[in-house]
Amino acid sequence: SSENQDEEQRLHRRRRRRQEEAVARKEMRVAKAQRRERRRRIDKYYDATYDATPSSMLGFALCEILSRAGPTEVWLAALGLASVQEQWRISDTFYEAFVKYLARSLRQMEAPYLARAATIVSDINGNTEPGRIVYDGREPRFMLHRHLALFESMYYSNYVAARLSVWKKDGKQKLKELLARMGVSIDQSRQKVAFLPPSLRRALAQRLEEHGPRYGLDRPFRPSLGRLIDGCGDAVAATDAAACVSALLEAPAAHAAVNTEKLVTSAPRQVIERTAFVAGFWRAYDATLANDINTLAAGVDAAIDLQKAIVSTAVALIEKRDITTLKHFRYCYLHAAAGAASEAFTQAHALRKLAIFLFGIHKQNGKWTGDKERPILILAERHQTFLVIGVQPNIAVSNNFGQNFRLAVDHIKADYRADFFDTNFMEVRRHDVQRFIESLHYLLSR
């Protein structure tokens, strides 16, 4: 009947409406879940910072795409690569792969002219064309070994110092034993490698490879690129040049600290620091493509002074047990009254290098490994403020100190300065710094 048909149509429309409502609810749930997942991914992205491919390598890749890559671009890419490797932002595996890629590119550019270093000190004649880039597949992992005495370059090297604990009596004795096994006398070890007898220079690499593993130096070499300059009988390695450029760029900040009883963002201090930074920037800029040793000399001195300050400060922190361990991180203070060495750490990247040196030492002795592995915070006094840096124990770990630092200072309502390129740096007033540490510990423990 017509009434039954009408009833069936109403039931059909009702069922269809319920089905459409169920589909709509399901689509809404899916859309909400997608929005939540998108928000979670965005929050996770901004919660931490990551170290990816060095910008110098990206710049070189762009030059290659535009067919503008030449030896100069290879050298600049190698400088950037050496710098990020020194700052522990890239693993040794990736570093070596990138260096070999640059070497292949260089070989294609200058196949007839490419020179290859074969020993610790290359026998390159002084009349070789300045500016030429050379490849060395066996660059020793010693600090500025072309510019320091052999003993000093090994003693202040992160690689050697961490493995031999050279600041200890038995560690220094092990270093002397290694040199003796390599056929280097005490007097010869106090000389620059360039002044050693030619026969000894040629044999050093082989002897180091032979006897190094006995003292924990199982990988004493790494590939590197070098650049020939006037006044230097050997090519300047990219690793050495990067250390010099970095030291020139950072050194002015050690003299830029002023009275900051006013807010840390006060104009006079900013002007002084910016003026000093700009002066240092141009000195570092000139050193990147220096054509004579005199331009690099100031950088060599600055790099040596900084590394000596790093070693002496790290040793003092360890021997005095000034590093405090909490559940989620370790921290230590560097006070201005500690001496001239502390002046080197009034700028950011020197603190990072100090943290890296500390990690290297304690990972070798097994004290900061496994469940004892934690990030470290270093707080360096800058008159009325403290410069704070947080460094993770591993290269591959994301760094979420930036967000946590801001949460900590907001929690205690403290004045701060956080206009550094890296988010894991922050400057906090002196009277707020202890409360800042306590707030950070509280936030990470929730």
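## Arginine 227

Arginine 227 is buried, with a relative accessible area of 9%, where buried means under 20% relative accessible area with a 1.4 Å probe and protein chains only. This is a predicted model, in which local features need pLDDT of at least 70 and side-chain atom pairs count only at pLDDT 80 or more, while totals for chains, interfaces and linings use all residues. Residues are numbered from 1 along each chain as its sequence is written, and side-chain values use heavy atoms, with hydrogens and water left out.

Arginine 227 belongs to strand E2 (residues 221–227), strands being DSSP runs of E with at least two residues and helices runs of H or I with at least four, numbered from the N terminus. A polar atom of the arginine 227 side chain lies 2.4 Å from the backbone oxygen of alanine 290. Beyond its neighbours within four places in sequence, arginine 227 is in contact with residues including Trp75, Arg132 and Asn291, contact meaning heavy atoms within 4.5 Å.

## Helix H13

Helix H13 has 17 residues and reaches 25 Å from its first C-alpha to its last, close to the 24 Å expected at 1.5 Å a residue, that expectation being 1.5 Å times one less than the number of residues. Because 13 of the 17 residues of H13 are buried, the helix is largely enclosed by the rest of the structure. Glycine 366, which follows H13, has a positive phi near 80 degrees.

Terms used: Buried < 20%, exposed > 50% of the residue type's maximum accessible area, 1.4 Å probe, protein only. Polar contact = N/O pair within 3.5 Å; in protein donor to acceptor, adjacent residues only side chain to side chain.
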